Amino acid sequence: LVLYARQWLPDRASAEDAVQEGLVRCWKRQPGRAPDPALVYVAVRTAALDLLKSRRRRLAREERVARPEAEPWWQEDELARGERAAAIQKALERLPIEQREALVLRIWGGLSIAETARVLAANPNTVAGRCRQALVSLAALLPEECHEGV
């Protein structure tokens, strides 16, 4: 969930805040019941986007010229360190957001095509196509030694 929230938020602490807010929202909607994983992702996505909008408004009000450089939006210790991680990060950042989001939900989020489609409010065939295209794009963008993970 933190990995998923990191797509929009520049640091781990903000992503963890979004995850907590999303879980609280799910709990309030269905107290005492385990929520559907896809609904949890929807709640985290909404919380992350709300937090991002709030941050942007605050930054505009304060007229900040510079903002801190963004950290990678996943936990680096979950991937191989070094050049491979840097190459994968750079390649993922070059994917269109629709493909990247679908791929992150499928691979790192562990959601099925149907669950990913519900999170993204998209047709399952569209989601499957986005995932396929993202993998093809990653294979083209990554050096040969990184293809094992793709």
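User: At what angle do α5 and α7 pack, and how far apart are their axes?

Analyst: In this predicted model, α5 and α7 pack at an angle of about 100°, and their axes are 8 Å apart.

User: Why are α5 and α7 called roughly perpendicular?

Analyst: Angles of 65 to 115 degrees count as roughly perpendicular. The angle between α5 and α7 is about 100°, and the two helices are therefore roughly perpendicular to each other.

User: Which residues of α5 and α7 meet?

Analyst: From α5 come Glu-98, Gln-99, Ala-102, Leu-103, Arg-106 and Ile-107. From α7 come Val-127, Arg-130, Cys-131, Gln-133, Ala-134, Leu-135, Ser-137 and Leu-138. By class, the residues of this contact divide into 8 nonpolar, 3 polar and 3 charged.

User: What makes Ser-137 buried?

Analyst: Buried means under 20% relative accessible area. Ser-137 has a relative accessible area of 17%, so Ser-137 is buried. Ser-137 lies in helix α7. Not counting residues up to four places away in sequence, Ser-137 touches Leu-95 and Gln-99.

User: How do you know whether Arg-100 is buried or exposed?

Analyst: The cut-off for buried is under 20%. The relative accessible area of Arg-100 is 12%, so Arg-100 is buried. Arg-100 is found in helix α5. The C-alpha atoms of Arg-100 and Ala-134 are separated by 6.8 Å, although these residues are 34 residues apart along the chain.

User: What is the angle between α6 and α7, and how far apart are the axes?

Analyst: α6 and α7 pack at an angle of about 105°, with their axes 8 Å apart. That angle makes α6 roughly perpendicular to α7, as the range for this term is 65 to 115 degrees. On the α6 side the contact is made by Ile-113, Thr-116, Ala-117 and Leu-120. On the α7 side it is made by Pro-124, Val-127, Ala-128 and Arg-130. The contact of α6 with α7 has 6 nonpolar, 1 polar and 1 charged residues.

User: Where is Ala-121, and what makes it exposed?

Analyst: Ala-121 is in the loop between α6 and α7. Exposed means over 50% relative accessible area. Ala-121 has 73%, so Ala-121 is exposed. Phi of Ala-121 is near 55°, a positive value in a residue other than glycine.

User: How many aromatic pairs does a search of the whole structure find?

Analyst: The search finds 2 aromatic pairs.

User: Why is the pair of Tyr-4 and Trp-8 called edge-to-face?

Analyst: Rings pair if their centres lie within 6.5 Å, and planes over 60 degrees apart count as edge-to-face. The rings of Tyr-4 and Trp-8 have centres 5.1 Å apart and planes at 90°, so the pair is edge-to-face. Both Tyr-4 and Trp-8 are buried.

User: What makes the pair of Tyr-4 and Tyr-41 edge-to-face?

Analyst: The ring centres of Tyr-4 and Tyr-41 are 5.3 Å apart and the planes are at 80°, so this pair is edge-to-face. The pair links distant parts of the chain, with Tyr-4 in helix α1 and Tyr-41 in helix α3, 37 residues apart. Tyr-4 and Tyr-41 are buried. Tyr-4, Trp-8 and Tyr-41 form one aromatic cluster.

User: Which residues have the most contacts inside the largest nonpolar core?

Analyst: That core has 27 residues, and those with the most contacts inside it are Tyr-4, Ala-5, Leu-105, Val-119 and Leu-120. At least two residues of this core are supplied by each of α1, α2, α3, α5, α6 and α7. The largest share, 8 residues, comes from α3.

User: What is Val-119 in contact with, leaving aside its neighbours within four places in sequence?

Analyst: Val-119 is in contact with Tyr-4, Ala-38, Tyr-41, Val-42, Arg-45, Leu-105 and Leu-111. A second, separate core of 9 residues includes Ala-91, Leu-95, Ala-134 and Leu-138.

User: What does the secondary structure of the chain come to?

Analyst: The chain has 7 helices and 0 strands. Of its 150 residues, 37% are buried. Among contacts with a separation of 6 or more, 62% are between residues 24 or more positions apart.

Notes
Residues are numbered from 1 along each chain as its sequence is written. This is a predicted model: local features need pLDDT of at least 70, side-chain atom pairs count only at pLDDT 80 or more; totals for chains, interfaces and linings use all residues. Side-chain values use heavy atoms; hydrogens and water are left out. A nonpolar core is a set of buried Ala, Val, Leu, Ile, Met, Phe, Trp, Tyr and Cys residues joined through side-chain atoms within 4.5 Å. Buried means under 20% relative accessible area, exposed over 50%, partly exposed in between (1.4 Å probe, protein chains only). Helices (H or I, at least four residues) and strands (E, at least two) are DSSP runs, numbered from the N terminus. Contact means heavy atoms within 4.5 Å. Axes are lines fitted to C-alpha atoms, for helices over the stretch in contact, and angles run from 0 to 180 degrees between N-to-C directions. Angles under 35 degrees count as roughly parallel, over 145 as roughly antiparallel, 65 to 115 as roughly perpendicular and the rest as oblique. Ala, Val, Leu, Ile, Met, Phe, Trp, Tyr, Cys and Pro count as nonpolar, Asp, Glu, Lys and Arg as charged, and the others, Gly among them, as polar. Rings of Phe, Tyr and Trp (its six-membered ring) pair if their centres lie within 6.5 Å; planes under 30 degrees apart count as stacked, over 60 as edge-to-face and the rest as tilted.
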